[in-house]
Amino acid sequence: YEGGGHITKEGTFTLVPQVADVAQQAVVVASGGIADGRGYAASRLLGAQGVEMGSRFMLASENTIHDNVKQAIIKAQDSDPKLTGWTTGAPVWQLPNRLYDNLMDIEATHPGKDAGKLIEQASAGSLRIASTEGDVEEHGAVMVGQDASLLTKIEPAAEINRDVYENGEALIK
């Protein structure tokens with residue numbers, strides 16, 4: 001549930017050791033707020049064998065999402081991602097825009113299940129609108145995690161992997 005803009009009530013660094021303790025025969029992959037070698041090293045030390053970095057790979061040069069989305073992420077600061085969708089049962093971090101304002105109004109003025117249904121309707125297709133049409137101001141959703149302030153440049157996926165792994169392994173040693 002944690003990672004790629006999706007959240008739970010427990011953060012990555014609380015979940016990883018709990019999962020590692022009970023998942024003796026499984027590979028544990030940490031996700032959520034991991035964007036550099038420090039997050040990789042911390043995840044490994046907590047018992048994960050690897051990491052998943054949804055937000056970081058949104059800025060991979062090979063990623064075909066619209067450049068407006070990439071630029072919005074690069075401009076984002078640590079407090080910019082806002083929570084939406086608690087009433088849907090699948091809350092997410094999202095950069096604020098007109099869609100976000102609309103979703104917050106729905107949650108503030110409608111009871112739980114009613115709000116959840118209305119939010120699902122209001123946000124239908126919003127990821128596509130942002131990622132393919134580049135609308136990051138009005139109707140598109142830019143779902144990026146709290147690690148947004150660590151995401152500062154577009155670079156090839158191979159460089160992202162190399163940077164995270166080499167810096168993380170150096171910290172572990």
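By contact I mean heavy atoms within 4.5 Å. I started with proline 81, which sits in the loop between α4 and β3 (82–84). Leaving aside neighbours within four places in sequence, I found proline 81 in contact with Trp93, Gln94, Leu95, Val144, Gly145, Gln146 and Ala148. Proline 81 counts as buried because its relative accessibility is 4%; the scale is buried under 20% relative accessible area, exposed over 50%, partly exposed in between, with a 1.4 Å probe and protein chains only. I also checked proline 81 against methionine 53: they are 28 residues apart in sequence and 16 Å apart in space, C-alpha to C-alpha.

A note on the source: this is a predicted model, so I kept in mind that local features need pLDDT of at least 70 and side-chain atom pairs count only at pLDDT 80 or more, while totals for chains, interfaces and linings use all residues. Residues are numbered from 1 along each chain as its sequence is written, and side-chain values use heavy atoms, with hydrogens and water left out.

Next, the cores. A nonpolar core here is a set of buried Ala, Val, Leu, Ile, Met, Phe, Trp, Tyr and Cys residues joined through side-chain atoms within 4.5 Å. The largest has 15 residues, and Met58, Val69, Ile73, Leu95, Val142, Val144 and Leu151 touch the most other members. Helix α4 (residues 67–75) gives the largest share of this core, three residues. Helices are DSSP runs of H or I with at least four residues, strands are runs of E with at least two, and both are numbered from the N terminus. Another core lies apart from that one, with eleven residues, including Ala23, Ile34, Tyr40 and Ile160.

Then I looked at helix α3 (residues 54–58), where I found glycine 54. Glycine 54 counts as partly exposed because its relative accessibility is 22%. What does arginine 56 touch, not counting residues up to four places away in sequence? I got Ala35, Asp36, Leu151, Glu155, Ile160, Asp163 and Val164.

On to helix α2 (residues 37–45), whose buried residues are Gly37, Gly39, Tyr40, Ala41 and Ser43. They pack against α1 (12–22), β1 (29–31), β2 (50–52) and α8 (157–172). After α2 comes glycine 47, with a positive phi near 115 degrees.

How do α2 and α8 cross? Their axes come within 7 Å, at roughly 55 degrees; axes are lines fitted to C-alpha atoms, for helices over the stretch in contact, and angles run from 0 to 180 degrees between N-to-C directions. The pair is therefore oblique, given that under 35 degrees is roughly parallel, over 145 roughly antiparallel, 65 to 115 roughly perpendicular and the rest oblique. From α2 the contact uses Gly37, Arg38, Tyr40, Ala41 and Arg44, and from α8 Val164, Tyr165, Asn167, Gly168, Glu169, Leu171 and Ile172.

My last pair was helix α5 (residues 98–109) and helix α6 (residues 112–123), which pack at about 165 degrees with axes 9 Å apart. That is why α5 and α6 are roughly antiparallel. I listed Leu99, Asn102, Leu103, Ile106 and Glu107 of α5 against Ala115, Leu118, Ile119, Ala122 and Ser123 of α6.
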